Amino acid sequence: MTQSFTPRPLIIAPSILASDFSKLGEEVRAVDQAGADWIHLDVMDGHFVPNISYGPDVIKAMRPHTRKIFDAHLMIAPCDPYLEAFAKAGCDHITVHAEAGPHLHRSLQAIRALGKKAGVSLNPATPASAIEYVLDLIDLVLVMSVNPGFGGQAFIRSAIGKISDVRAMVAGRPIDIEVDGGVAPDVAGQLAAAGANAFVAGSAVFKGGTVEAYKTNIAAIRHAAAEARGEAI
Ligand SMILES: O=C(CO)[C@H](O)[C@H](O)COP(=O)(O)O
């Protein structure tokens, strides 16, 4: 018997990492107005990744500027001591790295216990099988298509095959597959065809620096992905 499942919604999630940090509230409002579905928040600790971005207090300051989902990507190790702070800051999704350790299963349980959606992120060298024994605890898989730490890097093509593997593993479950790093209209169609439904983009959204530019940039990614999904927009 053929089973059919409702496809996960197409999501565009601008990464605030590429915005102008001198006016974060304004930038959050601008991408909201430009059609962002989620606001992607890259948290870096200078330890798990070789860069430092911002923490829960800055996220709390951004929170009043939009009602859109705050999709936090924690590139920090350890992560467990900070999960509650990110939940209290207003994050709706909290994604931790499979490689950050030490206890992925416990971290996911803790995120769910805080009433938030739990995500697992996979570095480019990490196989899809890393999520095999936590599938019941995840709402989102974030496949990195660059090595985490910096915006503006070149897209790593092996992410496409990994997305297909993840899609097969989560089939029939209400789990979003998100892709992050070097995402632009030229690759969005291939990523959507492989099974990604949520697209994080920093440089490709924030180029231009105006609401009108952000609107055009978001629409271009959405259009490429929707076309590959056989959807009208
Ligand atoms: O997680 C990240 C880096 O670790 C960023 O979200 C990602 O790199 C987005 O930036 P760009 O679209 O410019 O590649």
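UniProt, in an unreviewed entry, places the feature "binding site" at His 40, Asp 42, His 73 and Asp 180. The model examined here is predicted. In this model the four annotated positions span 141 residues of sequence, yet they cluster in space. Their largest C-alpha distance is 10.4 Å. Two of these positions, Asp 42 and Asp 180, are also listed by UniProt under "active site", again in an unreviewed entry. His 40 lies in strand 2. Asp 42 is found in strand 2 as well.

The ligand is surrounded by 22 residues. The closest are Ser 15, Pro 148, Gly 151, Gly 202 and Ser 203. Three elements each supply at least two residues of this shell: strand 2 (38-44), strand 8 (198-201) and helix 7 (203-206). By class, the shell holds nine nonpolar, 11 polar and two charged residues.

Two cis peptide bonds were examined next. Most peptide bonds are trans. A cis bond joins Ala 77 and Pro 78, with omega at about 0°. Pro 78 sits in the loop that runs between strand 3 (69-75) and helix 3 (83-89). Another cis bond joins Gly 101 and Pro 102. Here, too, omega is about 0°. Pro 102 belongs to the loop between strand 4 (93-97) and helix 4 (104-113).

Helix packing was then considered. Two packed helices are described by the angle between their axes and the distance between the axes. Helix 6 takes part in two such contacts, one with helix 5 and one with helix 8.

Helix 5 covers residues 158-169, and helix 6 covers residues 185-194. Their axes come within 8 Å and cross at roughly 25°. An angle under 35 degrees counts as roughly parallel, and helix 5 and helix 6 are therefore roughly parallel to each other. The crossing of helix 5 with helix 6 is right-handed. On the helix 5 side, the contact is made by Ile 160, Ile 163, Ser 164 and Arg 167. These residues meet Gln 190, Leu 191 and Ala 194 of helix 6. The residues of this contact comprise four nonpolar, two polar and one charged.

Helix 8 covers residues 211-228. The axes of helix 6 and helix 8 come within 7 Å and cross at roughly 35°. Helix 6 and helix 8 form a right-handed crossing. Helix 6 contributes Pro 185, Ala 188, Gly 189, Ala 192 and Ala 193 to the contact. From helix 8 come Ala 220, Ile 221, Ala 224, Ala 225, Glu 227 and Ala 228. Nine residues of this contact are nonpolar, one is polar and one is charged.

Methods:
Residues numbered from 1 in each chain as written. Predicted model: local features only at pLDDT ≥ 70, side-chain atom pairs only at ≥ 80, totals over all residues. Axes fitted to C-alpha atoms, helices over the stretch in contact; angles between N-to-C directions. Helix = DSSP H or I, 4+ residues; strand = E, 2+ residues; numbered from the N terminus. Parallel < 35°, antiparallel > 145°, perpendicular 65-115°, else oblique. Left-handed = near helix turned anticlockwise from the far one by under 90°. Contact = placed C-beta atoms within 7 Å. Nonpolar A, V, L, I, M, F, W, Y, C, P; charged D, E, K, R; others polar. Near = placed C-beta within 6 Å. UniProt positions renumbered as here; feature names shortened; annotations may be inferred.
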